[in-house]
Structure formats: structure tokens, C-alpha cells
Amino acid sequence: MSDVKRKFATILATDCVGFSKHMLDDEEATFESLNACRQIIDTFIEQHGGRIFHTAGDSVLADFESPIETVNCAIKFQETIHERNQTISEEDKRRKLLWRIGIHSDDVIFEKDNVYGNGVNIAARLEAQCAPGQILVSRVINEQIASKIEAISRAAGTKKLKNISNEFEVFTISTDKTNNIETAANAEEQEDTDRTQKPTLSILPFKNLNENEDSSFLIDGVYEDIVTELSMVRQLSIVSRQSSVNFADSDNELDDFISQFKVNYLIQGSIRSSGSKVRVTVSLLEAETKEIVWSKRFDRNLDDIFEVQDEIVRSVTQAILGEIELASLNRAKRKPTQNMSSYEFLLRGKEGHHAIDKEANANALEMFDKAIDSDPNNAQAYAWKACTMGQAFGRGWIQKPLEEVMPEFNKLMDHALKADPNDFELHRLLCGISTMTGKLKVALEHGKKAYDMVPNDPRILQQYGEILLKTGKTRQGCDLTLLALEYDPVAQGQINSDKRKSDAVFGCLMDDRVELGLEIAEEIEACAENTLLFSAALSVAKHGSLEPYTWLVNDLKKSNFQGLEAAIEEMGKYDVVVQSTLREVYLDHIAKLQPNLQLVS
């Protein structure tokens, strides 16, 4: 085990307010202003005897030996940044940046250049509770500096510090210069993720009434687009495409499926095509009684297939929602192209992507190329080609390093966004790739756009939920992750619910839902190292030990300890408080399960 030291220290945590919005407004000017502010902050930290031990660009963590020096440092750089902001006019290209600061003293763990422990956790949580331009300190700090610095100290009541305390007494520190900084509400965006008041709808796969099975790609494509269009209706909860397909391919009873997903309505349909003609028959059933609520047959030319889909969506929505004005639903219109040749190639490509097979993947890439050749403005063809490339890379079917794949991927996404900047698939993909490459604030932007367009797609619920969890919006992020598990327990490409449940355990850890997280963790058949680590943290939070969960102790003993270390390191990119908690759990509870382990920092 590496050399670990504990000692009393004062921790300063600071973060730029609204950095993501500033970057969206003007990335270059914001970056230059950030560097100017960081120069001010870093200089004062050094002058007052502090040491920066963690930084993520727009946030800084530093440790000090003296609480007085820490607070004086915070006051100085807040005043200096305030003076800088006052010199910036509306015409100025520079950005006015505001900062929040949290300070606390406590026993902490020093491991090489890293610092962990309660002092870090509380300072970071205090910073998150600050108003813009404010300095928020704990009672411990206030008692030591109240009569020793030239500043205004005010009691600010108690705060709930997530994962730490429900009642934590705090104080604000300000000076004559900073006392008049406008404070803005620090409220998180509220999103209603409660599905209990929404009717739940399942669209079962449409039957292919053609004798020629080669037309199945058309039936599947029309079915998938109808699922997507209905998913855009916020007043409906939609059982995922994959869950409905899994049921249709199984021998399970319909009543069991209805009960499992709490389905209120079912859509069943069939498609028959002949030459340029297509007949689509759709029925809406009340799930409990199996009575037909609405049924209609559409005889159309293939060129009118999009109008058929729109009419189905309108009719089904009206039948379920009654007199709710459809215009208020503001459904995002997503038509790949009016060119049916390109559309057919697109559907064939998507069919190959969904097969999750090396040969089918290669064929799908050819189909997307043909779709693009037929219609260079087919935005979805570019997006799905990029997605299929990502599938091939992730499964080892493309033998190239990431740095060779990324330029082509980025080029495809640029083409797609130029062709249709309002396509949810593009934003879903960009959210995923930005998360993977560490561009969290860009990922958040694209994730929100995808979610606003299609709020019931479990892929988006999980992906947007993950980036919300990693950027501090843990309540909504956890809610969406749990909804993804509820809507689509077995994600596409998976053989069981382990992936969805592992995502949910991470969400419960980040949002302090200890009991629920442990319940879900115990249901996972095979836990990855990071999920074991998250489960251990939940167990320690509830019981103070790992002992109540024999399965967890046994799995940890057999785990890859380097994988556990890697999970702790990875967490530092998103939340140093949780990282610090995981490190403590590891050092105090997990490491002793393998006595000969040498920790890697």
C-alpha cells in the first residue's frame, strides 16, 4: 500500500458560474476570459501559501495550512475579478465571469499529490451552494477568522450538503467591494420525469403481409419511424422499441407484458406493399380489455409514406389525449428525405446496424453511402453511418486507432448538422461522443436537445441522464437513468438488465439514494469493477461497513483491483467529492480484502 498521510488542512473550492452558457455564446472570448481569471486566482493562491491539487479548467481545488490565509486569498481574488468585470463594457469582447467559493477545514488524506476526505467534500459542496460572487464558509472557518480579517461575516443559516449533512451551519464572507455583487438564483432546471400521470403506450412490431421477405426492411423502417414520432409526444410514455420487439419474438403472454410495463394502450399494425402501392393497417387497443379504441387502413403510394406516418401519429394521439391541442405538443418533425431511393437505402442501413453483426455492419456502411449518394441532404444517413462506425470501432470490427477514426466521424457529423440541425439522432450521437472524449459541457448541450425532441427514447434517457449526473444535476440525471431502466430493462445489444441496472446504481450513488441503489446492485448478475466500487460506497454510507452484503464482499475479493483504482481516477473528472468518498471507502474497507495490493495513484 502506498504512503497515505492524514492531517488537518483548509480546503478552498471555486468554480466559474454559468461557464457552459458563456462557452455557447462565445467560446473564444470565454476561454480568454477564463485564462485571465485563472491567472488571478492561481497567483493569489500561491501568494497566500496554498497549493492547487485539482483543476478542471473552470474549477479549482487548493489546500492551505492557515484558514486565515485561505479566506484572505478568496477575498483578494474575488475583489480583483470584480474590479476586472467593472472594466468590461457591453461592447467589449471580454466576458464578465463570476466565481463561487467554498472553504472548510478538516482532517484530510494526502496521497502523493492528491487530497481526499471530508474537508474536500464539504468545501466542494459549500461552493455548489454559493450564490455567484459569494464566499461560503463553515462554522469551523468562521470561528477562526471572524475577528481576524477585515471582512463582513454573516450567518447564512443551515444548508443541506448532499451525501454529507442535512443541517450544516454556514456563513458568508464579503467586503465593501464584493458586497454589492448581484446574486442570481442558483436553481437547477426542473424537468418533470414522473410518468405516473401519462398513459403508457406500446407499439408492437408491424406484421409483414408480403410473401417476399426482401421487403422486411421497409416494414421495419416504417414501424421504427412511427415509434420515434410517437416518442416525441411528451404526454405519452412509450415502451421502448427493443422491449416491444423482444416481446414479439418471445413466447410470453401478452398480459404478462402489459403488467410488466404497466401498459395502458397497444398499437398493432400490418403492412402490405405491391409495386409503388402500400397498405398500412393500424389499430389502437385498450390494454386491459383488448377492445379496439380506434382502427384505420391507409392505402397510399410509397411516395406518401411520411404523410401516412404523420396521420397515424395524429389519430392515435387524438384518440388517447382527447381535446389536447396537438399544436402544443410541438413535435419535432424528422423526415430523413423525400427521396424514396435514399430513404430505402437508409432503412436498409439501419436494419444492418440493428443486427449487431460484423458482416451486417459492413453492409450497413455501404447502404448509408448509397443513401448519401442518392440524396446528399439526407442528414440521417450521415448520422447513422457515424453511429455504425462507432459500433464497429467499439466491437473491434474496425482495426484502426481512435485518432484515425475521429476525423471521418467528425466530418460525417458536420455534414449531418448542416443538412438538418434539428435531428435528434445527431444530437444523441454528439452527446455520446462528447462524453467519451471528455467534452462534458458540449455533451450536455447536445443531450438536452435530443431529450427535448424525443423525451421517451431510453437511449436518450440514459445518455442525457449520465451527462446530467456527471455535471452536477444529479436529481434529474438519476430520475432519467431510472426511467431508462423502467422503459427498456434490456438495452439493445445486451442479453440482460445488468447494463441498465449498473447505470442506475451510478445514478443512485451520485444522488444519494442509498437504499434504492443497494437494492438494484444486488439484482445485477455480474458487476463490473466500477459498479462494485459504487455499491461498496453505498453500503458504507448505510451501514458503515461492507459486512451486511456477503455477495459484495465476495465479488470484491475476486475483482480487478486495478479496475477499482481506474474507476476512482475516472470519477475525478466529474465529481471530486464522490471521488474522495470512493477513495476513502477503498482505503478503509476494500484494500484490506487483498492485503498484498500496491495502490496506484
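Accessible areas here come from the Shrake-Rupley method with a 1.4 Å probe. On that basis the protein chain, which is a predicted model, exposes about 27300 Å², and carbon and sulfur atoms supply 46% of that area.

Let me begin with the chain as a whole. Its secondary structure comes to 23 helices and 14 strands. Of the 601 residues in the protein chain, 54% are buried. As for contacts between residues at least 6 apart in sequence, 66% of them join residues at least 24 apart.

I turn now to helix packing. Two packed helices are described by the angle between their axes and the distance between the axes.

The crossing of helix 11 past helix 12 is left-handed. On the helix 11 side, the contact involves Asn 361, Ala 364, Leu 365, Phe 368, Asp 369, Ala 371 and Ile 372. Helix 12 meets these with Ala 381, Tyr 382, Trp 384, Lys 385, Thr 388, Met 389, Gln 391 and Ala 392. By class, the residues of this contact between helix 11 and helix 12 are 10 nonpolar, three polar and two charged.

Ile 356 occupies the loop between helix 10 (340-355) and helix 11. Its phi is near 50°, a positive value in a residue other than glycine.

The next pair is helix 15, residues 440-453, with helix 16, residues 458-470. Here the angle is about 145° and the axes are 9 Å apart. Helix 15 and helix 16 also make a left-handed crossing. From helix 15, Leu 440, Ala 443, Leu 444, Gly 447, Lys 448, Ala 450 and Tyr 451 take part, and they meet Ile 460, Leu 461, Tyr 464, Ile 467, Leu 468 and Lys 470 of helix 16. This contact of helix 15 with helix 16 has 10 nonpolar residues, one polar and two charged.

Between this pair and the next, Asp 512 sits in the loop joining helix 18 (498-510) and helix 19 (514-523). Asp 512 has a phi near 60°, again positive in a residue other than glycine. Its relative accessibility is 32%, so Asp 512 counts as partly exposed.

The remaining pair is helix 22, residues 561-571, and helix 23, residues 576-590. How do their axes run? They cross at roughly 155° and come within 8 Å, which means that helix 22 is roughly antiparallel to helix 23. The crossing of these two helices is left-handed. Phe 561, Leu 564, Glu 565, Ile 568, Glu 569 and Met 571 in helix 22 are in contact with Val 578, Gln 579, Leu 582, Arg 583, Tyr 586 and Ile 590 in helix 23. The classes in this contact of helix 22 with helix 23 are eight nonpolar, one polar and three charged.

Asn 264 lies between helix 8 (254-261) and strand 12 (265-274). At 31% relative accessibility, Asn 264 is partly exposed.

How values were computed. Residues are numbered from 1 along each chain as its sequence is written. This is a predicted model: local features need pLDDT of at least 70, side-chain atom pairs count only at pLDDT 80 or more; totals for chains, interfaces and linings use all residues. Side-chain values use heavy atoms; hydrogens and water are left out. A crossing is left-handed if the near helix is turned anticlockwise from the far one by less than a right angle, and right-handed if clockwise. Helices (H or I, at least four residues) and strands (E, at least two) are DSSP runs, numbered from the N terminus. Contact means heavy atoms within 4.5 Å. Ala, Val, Leu, Ile, Met, Phe, Trp, Tyr, Cys and Pro count as nonpolar, Asp, Glu, Lys and Arg as charged, and the others, Gly among them, as polar. Buried means under 20% relative accessible area, exposed over 50%, partly exposed in between (1.4 Å probe, protein chains only). Axes are lines fitted to C-alpha atoms, for helices over the stretch in contact, and angles run from 0 to 180 degrees between N-to-C directions. Angles under 35 degrees count as roughly parallel, over 145 as roughly antiparallel, 65 to 115 as roughly perpendicular and the rest as oblique.
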